[in-house]
Amino acid sequence: MAANTNYNNVFDVCIVGAGPAGLATLSALHSPYSLEGGTMTESQKERALKYLKLLPKKSICVVDQAAGWMESWQTNFDTLSIEYLRSPALAHPDMFDPNALLSYAVRHGREEELLESGCGDMKKLFALGQSQIGLWKLPSTRLFVDFCLDLAKSLSHCFIGETLVTEVNHLNDIRGKKERFRLALSNGMNIYATAVVLAVGAAGHPIVPTCIQRCPHVHHWTSLSTFTKRKEGINCPVMVVGGGLTAVQVALKQLNIAEKATSDSIGLGPQVILVSKRPLVEKHFDINVEWFDLRKANKCISDFYHHPMGKRSQALKEARRGGSVPPMYMMQLVQAEQDGRLLCLVGDIESDAYKTSNSPTTRVRVHHRASPKRNVDKPHHLNDTFNAVSLLQVKEIIVACGVHPDCKKPRSLTAMVHSKWPIQVESGLPCVTQDLRWKEGLDLFVVGSLGSLNIGPDAGNLMGIRRAAQIAANALGSRSWLRGSVLANPFEALEWSSVLRNRNKR
């Protein structure tokens, strides 16, 4: 049954967040079992379908500040003109069928929207059958969003949009039920649910390097649409600060804007200057590929769990190494550099080199390497001495340096939850339980990057989201009925033991 708007206010589960993490959780709660891994026999699947008809359906509501599913992701795709996902086609929110996105593309004649990026040809992945059938191709953002919207329509739930959760309380004996949560919404509604899943991402503060905090005309990349058209007539480049994929996407977006504004941009000098503290790292994925390999992923997870909670935040940083850039984006950067439209610098911006805000431009001094180099898959041992200085006149400085997580950020939902149920926090992330409960005995769960300390470095990625959604759904008993009815000894299911007893009596 599709989403509906005719609802009461009492539910089994309330999911806060309408992105891929929320959708994966909704799918996991409704999926009777999974085709992934081939863990069930055909006879077990037949019994599961028979028993499934007798089970009561979970009532689930989804709350989000947007008007519909995937709107924040779609906004980011549009803001940065992202055409393809970084994650392969096997990473998606459908928890029943691992091939669902690929099947959707074939069924709708959209196979051309699956990009062969070369990651399936990596030696570590080539032996996997997944790479042979196209699961390591990259889906277009349009294909991915359409797939997610189609999946959401097929899953029974109540969508409550354009509202925020303003308060969360734990109550007893509400309408004959015990231990329900009450969620107060900004639209005046109260929602009651036996369990709550937070799929809102990690709250935090954008990282703005100290050296440019006093500079005028500094913006975070999320506000691109508000200032891009303001200074089109000024013949100065835009500076982008950051060393990861988002910074590169911002730089390429600004190049496209400059090309549209100038008919013949070649020969006019660089329109964009990309400044990073270290050489750009070229990798297909932002974490080690072993995390995506079914043969090795469990060991990666086990090794991560063996770290004490206090050291897991450092393990997260080491796994990501400050971000990386896929080959298809690096090729575009190289071409733009060769054309003279882009200048890439590896260095530091001088803290006191700035102009007053009355000027339409900013003058910045950068200490950098004379010949920047890039890393491919692993860092080279380079001399970190910045042996050149450039004085640059720029019209905007766009920051894309990531976010410092802070689950106690004022006025955030996680800060509200933490004030009601205080728990240990490490590096801004909550120390949730192994089954992703906020704290033991409380049916309040977190999925997505908010649960990084107990999911791993892929918590914010689509693959990690899938794993987290299934953990939360298992903790809520969504598949516990399988143990006694489907996965049990089939002879017991047919009461064969009672037949044998009757024969012995004779």
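I began with a term: a crossing of two helices is left-handed if the near helix is turned anticlockwise from the far one by less than a right angle, and right-handed if clockwise.

**Entry 1: the model.** I noted that this is a predicted model, in which local features need pLDDT of at least 70, side-chain atom pairs count only at pLDDT 80 or more, and totals for chains, interfaces and linings use all residues. Residues are numbered from 1 along each chain as its sequence is written, and side-chain values use heavy atoms, with hydrogens and water left out.

**Entry 2: the whole chain.** I looked up the secondary structure and found 18 helices and 22 strands; helices (H or I, at least four residues) and strands (E, at least two) are DSSP runs, numbered from the N terminus. Of the 506 residues in the chain, 51% are buried (under 20% relative accessible area, with exposed over 50% and partly exposed in between, for a 1.4 Å probe and protein chains only). Among contacts (heavy atoms within 4.5 Å) with a separation of 6 or more, 74% join residues 24 or more positions apart.

**Entry 3: H9 and H12.** I read that two packed helices are described by the angle between their axes and the distance between the axes. Axes are lines fitted to C-alpha atoms, for helices over the stretch in contact, and angles run from 0 to 180 degrees between N-to-C directions. Helix H9 (residues 245-261) packs on helix H12 (residues 327-338) at an angle of about 45°, and their axes are 11 Å apart. H9 is therefore oblique to H12; angles under 35 degrees count as roughly parallel, over 145 as roughly antiparallel, 65 to 115 as roughly perpendicular and the rest as oblique. This crossing of H9 and H12 is left-handed. On the H9 side I listed Leu245, Val248, Gln249, Leu252 and Leu255, and on the H12 side Tyr329, Gln332, Leu333 and Ala336. By class, the contact of H9 with H12 has seven nonpolar, two polar and no charged residues (Ala, Val, Leu, Ile, Met, Phe, Trp, Tyr, Cys and Pro count as nonpolar, Asp, Glu, Lys and Arg as charged, and the others, Gly among them, as polar).

**Entry 4: H4 and H7.** Helix H4 (residues 100-107) and helix H7 (residues 141-154) cross at roughly 100°, and their axes come within 10 Å. That makes H4 roughly perpendicular to H7. Ala100, Leu101, Tyr104 and Ala105 of H4 meet Leu143, Phe144, Asp146, Phe147 and Asp150 of H7. I noted seven nonpolar, no polar and two charged residues in this contact.

**Entry 5: Asn190.** I found Asn190 in strand S8 (residues 190-198). Asn190 counts as partly exposed because its relative accessibility is 28%. Beyond its neighbours within four places in sequence, Asn190 is in contact with Asn9, Arg182, Leu183 and Ala184.
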